[in-house]
Amino acid sequence: METKILIPVDGSSTAGRTLEKIITLKQRFPKHLTLLHVVDIDKLAYRMIPDVQIEMIRENAGKAGQGVLDERATALEEAGFSRDARLEFGSPRQTICSVANEEAFQLMIIG
């Protein structure tokens, strides 16, 4: 049974370097990895924004998050990995831990 690995990613250079290192050492990793990007909903909340615009902001933040996931996933695929790419909304600290625990990931690599 392969090790189930979760890799939370964002648009930072640190996350990019982490994936580069995984790709460089790909013989040490299973061929299937799971990427996770969490859109921080706390950063989307602002009291002066009407509810109609909040939904638009959430939608745009989701599109941006999906763009981050797609970019990172493409790099893994080009290196020969298969992957799951997940987009979640919530507090990154809590959501990452919840996903890791609830889905029984054995290893988490955070850059």
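**A guided view of the predicted chain**

Of the 111 residues of the chain, 33% count as buried, where buried means under 20% relative accessible area, exposed means over 50%, and partly exposed lies in between (1.4 Å probe, protein chains only). The model is predicted, and for that reason local features need pLDDT of at least 70 and side-chain atom pairs count only at pLDDT 80 or more, while totals for chains, interfaces and linings use all residues. Residues are numbered from 1 along each chain as its sequence is written, and side-chain values use heavy atoms, with hydrogens and water left out.

The chain has three helices and four strands; helices (H or I, at least four residues) and strands (E, at least two) are DSSP runs, numbered from the N terminus. Along the sequence these elements follow the pattern β-α-β-α-β-α-β. The C-alpha atoms fill a box of roughly 50 × 25 × 20 Å, taken along the principal axes. Among the contacts (heavy atoms within 4.5 Å) with a separation of 6 or more, 81% are made by residues 24 or more positions apart.

The interior may be considered next. A nonpolar core is a set of buried Ala, Val, Leu, Ile, Met, Phe, Trp, Tyr and Cys residues joined through side-chain atoms within 4.5 Å. The largest such core has 14 residues, and those with the most contacts inside it are Ile 7, Leu 19, Ile 22, Leu 33, Leu 35 and Phe 81. Two or more residues are given to this core by each of β1 (5-8), α1 (13-24), β2 (32-40) and α2 (51-78), and the largest share, three residues, comes from α2. Ile 7 touches Leu 19, Ile 22, Leu 33, Thr 34, Leu 35, Leu 36 and Ile 109, not counting residues up to four places away in sequence. A second, separate core of seven residues includes Leu 6, Ile 96, Val 99 and Phe 105.

Thr 34, one of the residues touched by Ile 7, lies in strand β2. Thr 34 is buried because its relative accessible area is 6%. Leaving aside neighbours within four places in sequence, Thr 34 is in contact with Ile 5, Leu 6, Ile 7, Asp 84, Arg 86 and Phe 105. By contrast, Lys 21, found in helix α1, counts as exposed because its relative accessibility is 51%.

The expected span of a helix is 1.5 Å times one less than its number of residues. The 28 residues of α2 should therefore span 40 Å, which agrees with the 41 Å between its end C-alpha atoms. Within α2, Ala 61, Gly 62, Gly 65, Val 68, Leu 69, Arg 72, Ala 73 and Leu 76 are buried. The buried residues of α2 pack against α1, β2 and β3 (82-90). After α2 comes Gly 80, whose phi is positive, near 100°.

Finally, the description turns to the Lys 21 and Glu 102 pair, which are 81 residues apart in sequence and 27 Å apart in space, C-alpha to C-alpha.
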